[in-house]
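Open the model in your viewer and keep the selection panel at hand. We will go stop by stop.

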Amino acid sequence: MSMVILKPGMLSTFQDLGRIGQQHLGVSVAGAMDLRAHQLANLLVGNDPELATLEITLTGPTIRFTKPCCLALCGADLSATLNGQPLALNRPIVVRAKDELRFGVRQHGTRAYLAVHGGFALTPVLGSTSTYLRSAMGGWQGRALRRDDEIPLLRPLKNKALEELAMDLWSFKIYLPGALAESHQSVVRLIKGQQWDEFTPESCAALLTESYRISPDSERMGYRLQGAPLLMTTPRQMISEGTTFGTLQVPAGGQPIILMADRQTTGGYPKMAYVASIDLPRLAQMGPGDRVSFKAISLELAQALDLFRAQAFATLAQTLQPVRTLLHNH
Amino acid sequence: MIVPTFTLRHLGDHCLSLDFGDTILVETGLICLAVAEKIRHACLPGVTDVVPSYTSVAVHYHAEPLTGLPNFQALSEGLAALIKSGLAPATHAQRTIDIPVCYGGEHGPDLTDVAKITGLTEQQVVQMHSAPGSMVFMLGFAPGHPYIGIHDPLFALPRRDVPRTVVPAGSVAIANRQSTIYPTRLPGGWHILGATPLKLFDLARPQPTLLLPGDQIRFIPISPEEFDRLAAKQNQVSS
């Protein structure tokens, strides 16, 4: 075994890019809430983005490594330490057998992502290693990590020439372009949906000018928002249809819900708007009690911004090719 | 070949919806299924999920970093061309699935209420519910959770005022002229007429969902004894 869980933390689950191609069977996509941080962590340890990372929520776990490996931690700053020393975020780090990774006080963000070179030994379910808790599916035995779990790593490092590798990796300069960096803003951009005009002018104005509080029962399935109510001019029943990551739907009470990674595949509430994919990571790093405000952008701009980030990832992957080669040749 | 009329709209920057009507009808449902099948077979680059529902088909997609394609504009044009090339006339799928249901009693706590509301006897409710002609329109809400319809207008009951926090797995329930079967223990506000011992979702099977959109459904009334016998058999199969 290569990774022992001494303390599980509040909610630590393995997530990948999601269970793709199964929604017509009612199977939720799941996957990382902050796909930006997930992909970045994988890139930094020479992995493909499809591999699972450990999504760590607010209160982190305590992990002992029993074999050397290369890890990267991205996303929320939860005061991670390795053997008591502060651990740098957003870069590849070599850990040795018996090293202990701990987390402390939340500095900012809600979810941290831990990637290890070569990935964790998990069994895919319907093509994905993402944990979907409601169906006890995927990840590690379909559940969040518990104390004394032992997770094998697929490609631990060899002890031979470990120090040289650590030095080589440490001396490698990594610049994160703005499109890939962690954001501390609380403005989330959204695209108006077809039913936008069915809401009262006051409701439309409120959504774009007031701030909304993320309620305590917000989680991986959806964020419930509290604030000025959003009301339809003539309320009507909707026919159930497909839903997306970032759908802003409005149940009868007028308090909106934004559907997140573990959303149901179909839904029948009125849908006022859709969060632009570029800002889903920002939203995923906000948590209960945080206040969020919204700004409307066009679909074209949303797609351009999303593409810009994807291209920044492709460029970074090229820049990091030497890191990948170092790790693969070790 | 038929060419259905449709409208197109975005559902955010990673999904679009093709809409074929605004009323739940078998004909519209069949068109949605045929379109979904056609899109799936076309294997369009960047398309990740094709999700048919009552009156629409959601197409989820992901752009390639190099080209930025597909985007909303390009995919809309591609899908419009695909649909305009025509669909095989929509017919009911070949599959008919028998669902044994033990109506009433502990398995169907709402049968009596439904009989009262509809002014039918319990027997008549069972007879009407198990009449042939039901189809799976879509799966959603939970893995393997079917939406089956469209029942007689007498079954146009709104959901219960107070939803149950726990509905047992296998419960067969109605609301708004539709039936569903709960694949696992879930919260739910539909009226429970009975329960089936069949497993709606089982990862041990090559095709984990018992039902697929387009399946014809035959509800077959069974006795509590038969329910117990079939349930025991189901458990043997899966263990």
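This is a predicted model: local features need pLDDT of at least 70, side-chain atom pairs count only at pLDDT 80 or more; totals for chains, interfaces and linings use all residues.

**Stop 1: a loop in chain B**

Select B:Pro70. Where does B:Pro70 sit? Its place is the loop between strand 4 and helix 2 of chain B. A cis peptide bond joins B:Leu69 to B:Pro70, with omega at about -5°.

Chain B has another cis bond to visit, between B:Gly149 and B:Ile150. Omega is about -5° here. B:Ile150 is in the loop between strand 7 (146–149) and strand 8 (164–167) of chain B.

**Stop 2: two helices of chain B**

Select residues 26–42 of chain B, which form helix 1, and residues 72–84, which form helix 2. Two packed helices are described by the angle between their axes and the distance between the axes. For this pair, the angle is about 115° and the axes are 11 Å apart. The crossing of helix 1 and helix 2 of chain B is right-handed.

Which residues make the contact? Helix 1 of chain B brings B:Val35, B:Lys38, B:Ile39 and B:Ala42. Helix 2 of chain B brings B:Leu79, B:Leu82 and B:Ile83. Sorted by class, the residues of this contact are six nonpolar, no polar and one charged.

Stay on helix 1 of chain B and pick B:Ile31, which is part of this helix. Is B:Ile31 buried or exposed? Count the other C-beta atoms within 10 Å: there are 24, so B:Ile31 is buried; the cut-off for buried is 20 or more. Next, draw a distance from B:Ile31 to B:Val47. They are 16 residues apart in sequence, and their C-alpha atoms are 20 Å apart in space.

**Stop 3: where the chains touch**

Show chain A and chain B together. How many residues does each chain give to the contact? Chain B gives 36 residues and chain A gives 33. On the side of chain B that touches chain A, the elements that give two or more residues are strand 1 (7–10), strand 2 (15–19), strand 3 (47–52), strand 4 (56–61) and strand 6 (134–139). Colour strand 3 of chain B: the largest share of that side, five residues, comes from this strand. By class, the side of chain B that touches chain A holds 19 nonpolar, 14 polar and three charged residues.

**Stop 4: helix 5 of chain A**

Select residues 299–319 of chain A, which form helix 5. This helix has 21 residues, so at 1.5 Å a residue it should span 30 Å. Its end C-alpha atoms are 30 Å apart, which agrees.

Now highlight its buried residues: A:Ala302, A:Gln303, A:Asp306, A:Leu307 and A:Arg309. Why do they lie on the same side of helix 5 of chain A? They cover an arc of only 155° around the axis, which puts them there. What covers these buried residues includes strand 12 (187–192) of chain A together with helix 2 of chain B.

**Stop 5: loops of chain A**

Go to the loop between strand 2 and helix 1 of chain A and select A:Gln22. A:Gln22 is buried, with 22 other C-beta atoms within 10 Å. Leaving aside neighbours within four places in sequence, A:Gln22 is in contact with A:Val27 and A:Leu126. A:Gly127 is 105 residues away from A:Gln22 in sequence, yet their C-alpha atoms are 9.0 Å apart.

A:Ala30 is also in the loop between strand 2 (11–15) and helix 1 (35–44) of chain A. Its phi is positive, about 55°, although A:Ala30 is not a glycine. A:Ala30 is buried, with 29 other C-beta atoms within 10 Å.

Then select A:Lys158, in the loop between strand 11 (150–151) and helix 2 (162–171) of chain A. Is A:Lys158 buried or exposed? A:Lys158 has 10 other C-beta atoms within 10 Å, so it is exposed. Its C-alpha atom is 8.2 Å from that of A:Cys69, a residue 89 places away along the chain.

**Last stop: back to chain B**

Select B:Asn176, in the loop between strand 9 (171–175) and strand 10 (178–181) of chain B. Phi of B:Asn176 is near 50°, a positive value in a residue other than glycine. B:Asn176 counts as partly exposed, with 17 C-beta neighbours inside 10 Å.

Terms used. Residues are numbered from 1 along each chain as its sequence is written. Chains are lettered from A and ligands numbered from 1 in the order in which they are written. Axes are lines fitted to C-alpha atoms, for helices over the stretch in contact, and angles run from 0 to 180 degrees between N-to-C directions. Helices (H or I, at least four residues) and strands (E, at least two) are DSSP runs, numbered from the N terminus. A crossing is left-handed if the near helix is turned anticlockwise from the far one by less than a right angle, and right-handed if clockwise. Two residues are in contact if their C-beta atoms, placed from the backbone, lie within 7 Å. Ala, Val, Leu, Ile, Met, Phe, Trp, Tyr, Cys and Pro count as nonpolar, Asp, Glu, Lys and Arg as charged, and the others, Gly among them, as polar. The expected span of a helix is 1.5 Å times one less than its number of residues. A residue is buried if 20 or more other C-beta atoms lie within 10 Å of its own, exposed if 12 or fewer, and partly exposed in between; C-beta atoms are placed from the backbone. The arc is that of the directions from the helix axis to the C-beta atoms.
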